[in-house]
Amino acid sequence: SFSKGWLPITRTIGDAVSEEDWDDDEYGVLRRVIPGRAGAMGEIFMEKREWDAANFLAVTAYSTASPVPGSADGVSYFNASHRASLNIANTLSNVSSAPVQLSHTAYYAGYANMMNQKAPNDYSLMCSKPAKLLYNPVNRAVATQIAKGDWERATNNFDMNAAKMDNLELIEWPHYRKTLSTSAANAWDGWAIFGEGNELPFMDRQKFRSKSDYDLNVGAYVWVGSVRYDIGARDWRESYSTAN
């Protein structure tokens, strides 16, 4: 089928202290503070990794660019026009037909879509049921009711909650900030479901490391930290989300 593509990311952060300030550090404040900054740099890199990964699912995964950076088949991860494979032009979908907020009805539609998704041969059925539900904390109440409630929420007939049988793993992620195009700004009401076999790899190419040097051009001591990693998806199958 399609070859796979990854988004290579390099992040760097640094700080500098002029030689004059360093020499005038009579009480050794800078000499005590600077060695501890590597830990602070490491923390900000961990935070940035969260934002990069969340941005992939909240922004890049719905991109309308052509082709979408890092996409295996050229379209966004959540899309209604995935080609079945490199040699089969039939298109398949893993999104709803219109933006829809998280609900039992929306989840059931996603369940049916995932179970009926076809393999790259456009014949075999994946038969993959949802295993994980991703959402921002604004959807905590709805997600919990879908995954663990005995009855469907907001119904008068006490309809049985079939989603409870799926034993969903709830992934509550504050960094995931997808807002539906039909919602108010910063509603963060996007959501997505994934099967057990779905893979969204996050691969380290170079773990965090810090370096120090002296810059003759500016006359300052410099400390720099950097990391390199890849993010992306092996395949869109075994996933489903609301349309943008």
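Me: Ala, Val, Leu, Ile, Met, Phe, Trp, Tyr, Cys and Pro count as nonpolar, Asp, Glu, Lys and Arg as charged, and the others, Gly among them, as polar. With that in hand, what makes up the lining of the second largest pocket by class?

Reply: The lining has 10 nonpolar, 6 polar and 6 charged residues. This is a predicted model, where local features need pLDDT of at least 70 and side-chain atom pairs pLDDT 80 or more, while totals for chains, interfaces and linings use all residues. Residues are numbered from 1 along each chain, and side-chain values use heavy atoms, without hydrogens and water.

Me: Which residues of that lining lie nearest the centre of the second largest pocket?

Reply: Of its 22 lining residues, Ser71, Ala72, Asp73, Tyr77 and Trp236 do. A pocket is an open set of points on a 1 Å grid where a 1.4 Å probe fits, with protein on both sides within 12 Å along at least five of seven lines, and lining residues have an atom within 4 Å of a point.

Me: And what makes up the lining of the largest pocket by class?

Reply: Here 11 residues are nonpolar, 3 polar and 1 charged. Leu57, Ile171, Trp173, Phe194 and Leu200 lie nearest the centre of this pocket. The largest share of the lining, 3 residues, comes from α3 (helices are DSSP runs of H or I, at least four residues, and strands of E, at least two, numbered from the N terminus).
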